[in-house]
Amino acid sequence: MTDTLAQPAGTASGSASDTRRVDALVVGAGLSGLYMLHRFRELGLTTVVLEAGGDIGGTWYWNRYPGARCDVESMEYSYSFSPELEQEWDWTEKYPTQPEILRYVHHVADRFGLHDGVRLGTRVASAHFGDEDGRWTVTTEAGERWDTEQLVMATGCLSTSKLPEIPGVGTFAGRTFHTAHWPHDPVDFTGRRVAVIGTGSSGIQAIPLIAEQAGDLTVFQRTANFSMPANNAPLSDEAQTERKKTYREHREAARTSGFGVPVPEATQSALEVDPDERHAKYESVWGRNLVGLLASYTDSIVDADANETAAEFVREKIREVVHDPETAETLSPRDHPFGTKRPCLDSGYYATFNRPNVHLVDLKKTPLTEVTEHGVRTSEREYEVDDLVFATGFDAMTGSLLAMDVRGRGGRPLADKWADGPVSHLGLQVAGFPNLYMITGPGSPSVLSNMMVSIEQHVDFVADAVAFAHARGDTVVESTEDAERGWTDHVREVGEYTLYPRADSWYMGANVPGKPRVFMAYIGGVGNYRAHCDQLAADGYPGFAFSST
Ligand code: NA7
């Protein structure tokens, strides 16, 4: 591990009490934290990024499991802030692998000189706002103290991993892995008996590759997921050159789109077209990208009958691939509308279940009861294995923020403010927590979008708001309670208009026992959201209060 800030001269200043003073502290050196560092430095702010991991990259540092790959196309899942960067970097595949994204992140950090602003291996324990001086005191788990004016949580939406809530996790005598904490050296499953628990994106990407190596693979599925073929392929030089010629237009289309991925806007209800025509439409978008199927009709995500036409189309595809009808049925989602749990893109996931060495266990019929010394037990029997892979996801959206002891004005804990679920203004700020910003926080499009588009928009908004405050001689920017209430109500109303609340998804906090059941993302559309934020900035930031403490 490299301590890049062993000599923080010029970047931060120490004091007698060993508290280091900076203008801005950013938590997390993933794609959002690095861009925030770049923008703050452009404003002339002394800025330090505190990163728990041993290297930069965030999600793409931690999630190294076999098959880990972004499900947004590489040429869209990349920074747009620098035309030179976008012209000089060449992607090799339609969908980028985890190692390729990590190489890209390093290229960006090298190119913009960001490494020396990042302090690695540094996990933040607490952040307390000082009512007297209007500054934040941040402490790390190692006991370091930082004093900062601006505090940006670039902690990611899916960064606090979770294990199954069953007895015995930890008693297993064999090798144990979590997809979000995968070893840095390749893991060899050759000839081994492997169990994978979890069939979200991570499980669905890893399972086909583990199956190729394992002697025997048992997949434990709690909820069948909708997955579509990625149809990944090498990216030709010609295709890349062509795209680069029109990159600006393409970026603009992404920014004004619904999900941050440009797809034609739907104009019809799925129920007003002839079934053959609808089927042909679904065929035409099948395997093209993550959002095409959901974006085919105006009512796909708001009307249960319209949605069912897309859901049944996917089930048909599963039946076409999976030979055993019973296995095909178990793999077919029937308990939530299409798209209300995050759909997946896969490479050969369903066909994997045709392999003789792969078995599927339906946990809805026979729930997991415990992890044992030798494997996994369900209500029916014990499965003895050599290796246990948890692909069991994350305490999403709020998990990493609440893992820190964050206290705002009057010492009020964020956990207290969010006891009934997250409230925020724009998913960017929480009233009573001045100068604290969340990048892609709950209440913003975040996980319902191409994260790169949303990250850049939020980072730019924060940098512009801070610059605006400084230009008027203020140091503190704080959302008002009214603005927060109005926005939180709006997020809920828009969410309730859709089918999303019907699913037991991590969007709803339903995968973590005891977590408040609230739809945490904003489904009003990336383009609409951006336009709203831009208008607020143009109007002098109504809903935000500016002061000097
Ligand atoms: P996900 O999508 O949250 O998937 C986790 C999976 O693990 C999912 O199938 C869960 O079933 C399952 N799970 C979680 N807890 C349990 C327990 N206790 N018992 C059995 N099964 C369990 O996480 P991923 O890492 O796959 O993907 C996260 C995101 O990363 C993805 O959406 C992309 O945005 C990238 P459940 O559905 O909760 O019934």
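Author: A pocket here is an open set of points on a 1 Å grid over the protein atoms alone where a 1.4 Å probe fits, with protein on both sides within 12 Å along at least five of seven lines. The model is predicted, so local features need pLDDT of at least 70, side-chain atom pairs need 80 or more, and totals for chains, interfaces and linings use all residues. Residues count from 1 along each chain as its sequence is written, and side-chain values use heavy atoms, without hydrogens or water.

Reader: Thanks! What volume does the second largest pocket have?

Author: Volume is the space filled by probe spheres set on the points, which are joined across faces, edges and corners. For the second largest pocket, this comes to about 720 Å³.

Reader: Which residues lie closest to its centre?

Author: Lining residues have an atom within 4 Å of a point. The second largest pocket has 26 of them, and the closest to its centre are Gly258, Phe259, Glu265, Ala295 and Gly525.

Reader: Which domains each give at least three residues to that lining?

Author: Domain bounds come from an automatic or database assignment. By these bounds, the contributors to the second largest pocket are domain 1 (21-56 + 114-160 + 396-541) and domain 2 (169-245 + 258-390).

Reader: Now the open sheet of 5 strands: which are its edge strands?

Author: Strands are DSSP runs of E, at least two residues, numbered from the N terminus, and two pair if DSSP finds at least two bridges. The order is E7-E16-E8-E9-E12, with parallel pairing. Pairing on one side only are E7 (175-178) and E12 (358-362).

Reader: Which residue is the bridge partner of phenylalanine 177 in E16?

Author: E7 and E16 (387-390) run parallel, joined by 4 bridges. In E16, phenylalanine 177 is partnered by valine 389.
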